[in-house]
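Please open the structure in a viewer and keep the selection panel at hand. The tour below moves from one selection to the next and states what is found at each stop.

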Amino acid sequence: MQSLSTDELRELYDEYGSRIHTLARYTLGSDVAAEDAVQTVFLKAAESRANFRRESSPGTWLWRIAVNHCNDELRRRRRSEEVPLDAILGWADDADTPEQRHSVKQIDKIVARALLELSPKLRTVAVLRYVEEMQYDEIAEVLGCSIGTVSSRIARALERLEKVLRPIVRS
Amino acid sequence: MTCLRIDLHRLFPLYLDGAASPSISHRVEKHLLDCSGCRTRLVRMREAKNLLGELPAIDAPPFERLTARMPSRARRVPFVIPSFVRHFAADALVATALFLGFTLLYTHTASARNRPFDSSSFRALAIRAVANTHDPHVIVQGVVSEVDADDDHEGSHRFRLSDSKDQKAFVVCEILDGDTPRVPKAGSRVRVWGVSRYDASPEHEWSEIHPVLRVEVLP
C-alpha cells in the first residue's frame, strides 16, 4: 500500500485539519483527545493512499475516517469506563496553552458540554450539520445513510439539546 | 395531547434549514397550522440549532506538530505476508463475517418475534374505514398489492394494502428507515399495526398507515 508524501499530507491537512479538529473536539470533549484524534486520522490517511485514490472525493473519505475514529474512541472509553479529565476538572482545564484554554467562551462551554449528553450518533450528526455546516447529502454520504435518517437524527439531537439547555436559555 | 406525527417530526430539521423539498414543506406547514404542539417543538428546535451554530471552529495545531508526533516511517520495517496466507485469511474472514451476520440476524429476528407487543391502544378497522377514523392507532388487514421501496429519498419503504374482497379499497403503508418491520412481499396477506392519517397532497389523496409499527404475515 502506498503512503502519501509529506507535501500531499500537508495539502490535505491545510484543507481539513481544523475542521476535523473541531469535529473531534466537540465529539470527544477535550483538546488533548481532539489533537490525538487528528494525528491518528491523518496518520491513517497518510498510510492508505490507495483508498484515497479510489475515492471520488478525498473529503468524504477523510471525514469517514474521522467519524469512525471518534466513534471507536468513544466506544473504547465506554468499555474501559474512562472518564475524560475535563469532566472532573471542568471543560478545557486539560488545555496546555492559554489560547486553547480560552478557545471556548462560557456559553459555548455550556453548549459544548450539553453536546456530550447526546449519544455519539446524534452528537456527530449535530456537529457535522451545525458546526461544520455540511449539507444533508454530504452528511448522508459520510455516514452511509439516507438524508431522511440524517434529518431524523438531527431532530432527536435538537430536541434532546433543547431539553438540556432549556433552563439556561430561559434564564 | 402529544402529537404522534413522528413521520413529520423527523423532517423538521430539513424544513428549518430550508433544505426540504416543496412537497415536504407543504406537508409540514399544513400540519403546523393545526398542531400547536409541533409549532412549539419547531421553535425549540430552532433555539437549539442557533446555539449550536454559535460554537466556534477550533484551529488545528501546526502541521509540524502533527508530523513530529508521527512515528518515523524510516524506522518501520515492512512485513510482507505470503500471498497464500493472505488468500486464506481473506476467505476465513469472509466466512466468519457471513456466519456472524446470519447468527445476529437470526437471534435479532427471534428476539423481536418474542417481544410482547402492547396492542391494547389499537383498534381493528376495515381498510375502507381508515379514511373516516379519528383513532390514531389502528390495525388493518389485507393483501399487499404493490411494493415500492425508498421512492421519495426520505429513506422510507412503502407498500399498498388492499382489501381482499374489494381491490379498490386500499391504504398506503409506510415503514420508516431504521424501523423494525420488514417490507412484506407483494401478494402476501398481512395484518398491519400503525398510525392512521390522510395524505391530502394532490398527487396522493389517500389514507395511510404511517408509520407502520408492526407487520404480521398471515398464513
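Begin by selecting H1(A) and H2(A), which pack at an angle of about 140° with their axes 8 Å apart. Helices here are DSSP runs of H or I with at least four residues, strands are runs of E with at least two, and both are numbered from the N terminus. The axes are lines fitted to C-alpha atoms, for helices over the stretch in contact, and angles run from 0 to 180 degrees between N-to-C directions. H1(A) is therefore oblique to H2(A); angles under 35 degrees count as roughly parallel, over 145 as roughly antiparallel, 65 to 115 as roughly perpendicular and the rest as oblique. The crossing of H1(A) and H2(A) is right-handed, a term used when the near helix is turned clockwise from the far one by less than a right angle, with anticlockwise giving left-handed.

This is a predicted model, in which local features need pLDDT of at least 70 and side-chain atom pairs count only at pLDDT 80 or more, while totals for chains, interfaces and linings use all residues. Residues are numbered from 1 along each chain as its sequence is written, and chains are lettered from A and ligands numbered from 1 in the order in which they are written.

Now show the residues between the two helices. On the side of H1(A), those that meet H2(A) include Leu9(A), Leu12(A), Tyr13(A) and Gly17(A). Their partners in H2(A) include Val38(A), Val41(A) and Phe42(A). Two residues are in contact if their C-beta atoms, placed from the backbone, lie within 7 Å. The residues of this contact divide into 14 nonpolar, 2 polar and 2 charged. Ala, Val, Leu, Ile, Met, Phe, Trp, Tyr, Cys and Pro count as nonpolar, Asp, Glu, Lys and Arg as charged, and the others, Gly among them, as polar.

Thr22(A), Leu23(A), Tyr26(A) and Thr27(A) of H1(A) meet Pro120(A), Arg123(A), Thr124(A), Val127(A) and Val131(A) of H8(A). By class, the residues of this contact are 5 nonpolar, 3 polar and 1 charged.

Next, select H7(A), where Val111(A), Ala112(A) and Leu115(A) are buried. A residue is buried if 20 or more other C-beta atoms lie within 10 Å of its own, exposed if 12 or fewer, and partly exposed in between. Seen down the axis of H7(A), the buried residues fall within an arc of 100°, so they line one face of the helix.

Ala114(A) also lies in helix H7 of chain A. Is Ala114(A) buried or partly exposed? It counts as partly exposed because it has 19 C-beta neighbours inside 10 Å. Beyond its neighbours within four places in sequence, Ala114(A) is in contact with Leu161(A), Val164(A) and Leu165(A).

Finally, display both chains. Their contact takes 37 residues from chain A and 34 residues from chain B. Elements giving two or more residues to the side of chain A that touches chain B include helix H1 (6-28), helix H2 (31-47) and helix H10 (147-170). The largest share of that side, 13 residues, comes from H10(A).

Notes:
The arc is that of the directions from the helix axis to the C-beta atoms.
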